[in-house]
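This briefing covers selected local features of one structure.

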Amino acid sequence: MILGVFITGILSFAVIWLVWHHFFSIYEIRFEITPGRQCNSGDTVLIAGIPLNSRGNRAPFRSVSIEYTIDEGDTLISNIVRPDIMNLEFFCSGGSGKLILLADSDYLLATNKIEIIIN
């Protein structure tokens, strides 16, 4: 009887551990850019950071803090807003060129470079 309870406890722990590491742990962050990597002057752009689990899906109930830095093209955008700790929103204020943003987080192996062409 005690051995059965012990084995049940070990199996329960193993299942919970596997579920946590496959579905809830963050393995990488994917960036989605709306309306896309090429936009027109006057567009509002949203960059959304999405935490991914080991299956490549969004990790449920998880959020990550992402630090965005403008590397090039800071005169091309205005009205920079952070709706939450994962996203960045800005307005393409005029002119054309290349905007380069650097995104960094504890869950990224290296700083990601995000390039957006503004027409």
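Is Ile7 buried or exposed, or partly exposed? Ile7 is partly exposed, at a relative accessible area of 43%, where buried means under 20%, exposed over 50% and partly exposed in between (1.4 Å probe, protein chains only). This is a predicted model: local features need pLDDT of at least 70, side-chain atom pairs count only at pLDDT 80 or more, and totals for chains, interfaces and linings use all residues. Residues are numbered from 1 along each chain as its sequence is written, and side-chain values use heavy atoms, with hydrogens and water left out.

**Surface patch**
- Ile7 sits in helix α1, residues 2-24 (helices are DSSP runs of H or I with at least four residues, strands are runs of E with at least two, numbered from the N terminus).
- Together with Leu3, Phe6, Ile10 and Leu11, Ile7 makes a nonpolar surface patch of about 530 Å².
- Accessible areas come from the Shrake-Rupley method with a 1.4 Å probe; for residues, only the protein chains shown count as cover.

**Cis peptide bond**
- The bond from Thr34 to Pro35 is cis, with omega near 15 degrees.
- Pro35 belongs to the loop between β1 (28-34) and β2 (38-39).

**Positive phi**
- Phe61, a residue other than glycine, has a positive phi near 60 degrees.
- Phe61 lies in the loop between β3 (44-52) and β4 (67-72) and is exposed, with a relative accessible area of 82%.
- Asn79 is not a glycine either, yet its phi is positive, about 50 degrees.
- Asn79 is placed in strand β5, residues 77-81, and counts as exposed at 58% relative accessibility.

Notes: Patches are made of residues with over 30% relative accessible area and no salt bridge: like charges are joined within 9 Å, nonpolar side chains (Val, Leu, Ile, Met, Phe, Trp, Tyr) within 5 Å. A salt bridge is a side-chain nitrogen of Lys or Arg within 4 Å of a carboxyl oxygen of Asp or Glu.
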